[in-house]
Amino acid sequence: MGAHEHGPVELPGGPVNGEGRAVNEPLLAALTGAAVNDCAGCVEQLLDEVAAEPACVARLVEVNRLTAMRLHSGELPGFMTDDDDPSGPAALEFKRLVRAVTAAEPVTEVCEQMTAAERRAAAGSAIEMLVGQLTFANSVGFDDAETLAEMCCTVSALLVEWWFSTAPVARREFTEAWERHAFGHREAGLPGNGVNALGLLLGAVLHRQARQDQVRVEELRSLVFTRALPALENPEEAGAILSAFVVPPHADDITVPVKRYARSNPGFLAELCGYARSTITVHVKDCPHGLRQKNHECTLAHRGPALGQGAGAQVAAPTPEEGPRVALPRIGYREDEPADAAPVGGGAGHTWQINVDRILLERWDASAARWNESVSEDSSISEPNYQHEVGLEPLLCPACRSHGPFLAEGCWGDPLTLHCRCGVTMMSPLDARPDDLGRRLLKRLILCEADPAYAARRLMPALAKLHKHEREARASRWYRGPDIEDISVVEAIDLSSGDLVGALAAALKPRLPERHEGRALTLLLLQVLDALSAPAVHDSPDGRDLADAVRDLLADLSKESDRWAPTREPVVDRLRAWQAEGGSQLWQDAWARTLEMAESRFARYRVGDGRITDGCAAVALAQYLLAGEAETGVAEVTTDDVRSLMPPGDGEQADRDPAEVLRRWATRLQALGHDLDAADDPVASTWRHLCTDRSTGTFGDEREPALTLGLNTLLGERSFYLIRL
């Protein structure tokens, strides 16, 4: 070949391909050099050698494909992929390999499955087209502009991120779904937390839709992305779109594992399709341009403000007919359906226009819920600091951030239209469901406008329900008195005051218009305060009935609180009171050692159901008994010594006989000289307390002496309160 030597033309890619297979780079460089110099004889000879090495054929096809993408704005021409397209010189074998590369199949393995003749045909087409592409690129250059595929992937990522930032619960659900495939992720090398995978699938479907609608890069904002929904309804069709999606090379670290795993796991692909559908659906529902249009075709341009400004509500572009419109906030908000019917003369067909200073709503806080979930899952936190997930807050205009005043407009049963003084209109969709926040809120505003006393009347059912729930709870075995936070609220309210509004304001210290969190009682009292602050409500019969009902509830809770006050006493204070009853030095030493343990272990605990304090008293009595029998100090008594006095089976075997345990302890205490009926003997007094039967659990009627229940609480091997002496 001396007269036919050609300078080699090296191809990119390195000596090893993505599958770890060695590539004969000198051979490919020689073939490319011969083809560039149009030496047919050398090309024919070298093609035979390349066809014998599958990895070389795969590299030649990959380079050809990448070069074509740079010449065709990121797309692959049909003659390179479509078997029915006769417009180019590509052999069917070449097209098969191009499709395999695009689908992230192991191309070298595909080449190995082909015959030598098929590989030669594929390599021949590849080198012929590559030379033509390089020649063309040398004259006109490559196209480095952002491609349609890149734009679709960017848009899809923004759509997903907006949804997850406005609905953290959806992000958590997706994360949990993604983690179910954890093993497959490791096997396939899937990166990140799954958002990239979801964005890739959505980007592929949007790209297919853009090409079908002949939407170019510069016109992408006009894409009606809702038309992509049918493809996502069919995971098999979506999988085919994903496989054929030509993604920019720099995204291969995401594209390859996602495509491969989706192809091998139909369940994973179906879940991705479901979340992609939800992504599109959420954006359509929140599109301000479609609030009053049925079957609205939402475009990317309509979502532009929301995607560019983060999670805030988006404002539509002003038009000559209407001012800017925003979607009425709804995520987390709660509004009950009014029990009253439409006011007389104000039913269907009557358009109301109502001026309101502010609108209070209950809202569930997703960030607080995430915090609580994290705290509950952290076993290192012994005293969880949970946040209130529900709070009361005034409706906020997303444009000017004011809390009012607003002009509410609409007919009974219609969606709400709410005008802010800044010119923005908040609206619920025309086709909103009957339980939509806006429909219910408009009904409440209409009823309050027709009769201001409705503001008090509507709170009566909630007040009665809360009172009923509290009374029913008292009959349950698990009941341990009113909640401590509710008690603190009740104790802060001066019921002797004739001014209930002033008493509630002084106790609750309302943080409105900022968000005010709290339990159900706190939020209900806050709404009562807001309602009764209006003279027209306060002086009405309904207002007086509401005030009386509130006083009755608070008085009942206060009485119940007093009944359960001993259970709220700190454990250490109760133990010190028992120690203060006196007794011998050995008895005092036993209590001193027990208190030292309790102060380190139960410093912030309260008496509650009494098992901890009963257990501590039993431990003190056990130390006294064992030390007295052995004539040693209590410091010599060990945990195992005390455990030897417990019933067999650590409280779990069927042969336990607590009565027999009591008899044994009583006999041994009497042997130490104690009259267990003596009124002036603190040891006997503690013994009688520990002989009292307690309920063994929340359910059932089984009972057991406080002595054995207390010891099992502190010394049971699987007890949460396990102690060591």
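Predicted model: local features only at pLDDT ≥ 70, side-chain atom pairs only at ≥ 80, totals over all residues.
**Entry 1**

I started with the strands. I found an open sheet of five, in the order β1-β8-β7-β6-β3, and the pairing is mixed. From one strand to the next, the twist averages 25°.

Next I picked out one pair. β6 (residues 406-411) runs antiparallel to β7 (residues 417-420), and four bridges join them. Opposite Phe406 I found Cys420 in β7. I also noted a helix packed on the sheet: α17 (residues 437-450) touches β3 and β6, and its direction is at about 80° to that of β3.

A reminder to myself: sheet strands pair through backbone hydrogen bonds, in either a parallel or an antiparallel way.

**Entry 1: the nonpolar core**

Which residues touch the most other members of the largest nonpolar core? I got Leu201, Leu206 and Leu220, out of 54 residues in that core. Several helices supply at least two residues each, including α7 (148-166), α13 (252-264) and α14 (266-285). The top contributor is α10, which gives 10 residues.

I then followed Leu201 on its own. Leaving out residues up to four places away in sequence, Leu201 touches Leu232, Ala238, Leu242, Leu272, Cys273 and Ala276. In soluble globular proteins, nonpolar side chains do tend to be buried together.

**Entry 2: Gln579**

Is Gln579 buried or exposed? I make it buried, because its relative accessible area is 19% and the cut-off for buried is under 20%. Gln579 belongs to helix α25 (residues 571-579). Beyond its neighbours within four places in sequence, Gln579 contacts Gln588, Trp591, Ala592 and Leu595.

In α4 (residues 92-102) I listed the buried residues: Phe94, Lys95, Leu97, Val98, Ala100, Val101 and Thr102. After α4 comes Ala104, with a positive phi near 65°.

How far apart are the end C-alpha atoms of α27 (residues 611-630)? I read 28 Å, and that agrees with the 28 Å its 20 residues should span at 1.5 Å a residue. I also checked burial: 16 of the 20 residues of α27 are buried, so the helix is largely enclosed by the rest of the structure. Just past α27, Glu631 has a positive phi of about 55°.

Definitions and conventions:
Residues numbered from 1 in each chain as written. Heavy atoms only, no water. Pairing = 2+ DSSP bridges. Axes fitted to C-alpha atoms, helices over the stretch in contact; angles between N-to-C directions. Contact = heavy atoms within 4.5 Å. Core = buried A, V, L, I, M, F, W, Y, C linked by side-chain atoms within 4.5 Å. Buried < 20%, exposed > 50% of the residue type's maximum accessible area, 1.4 Å probe, protein only. Expected span 1.5 Å × (residues − 1).
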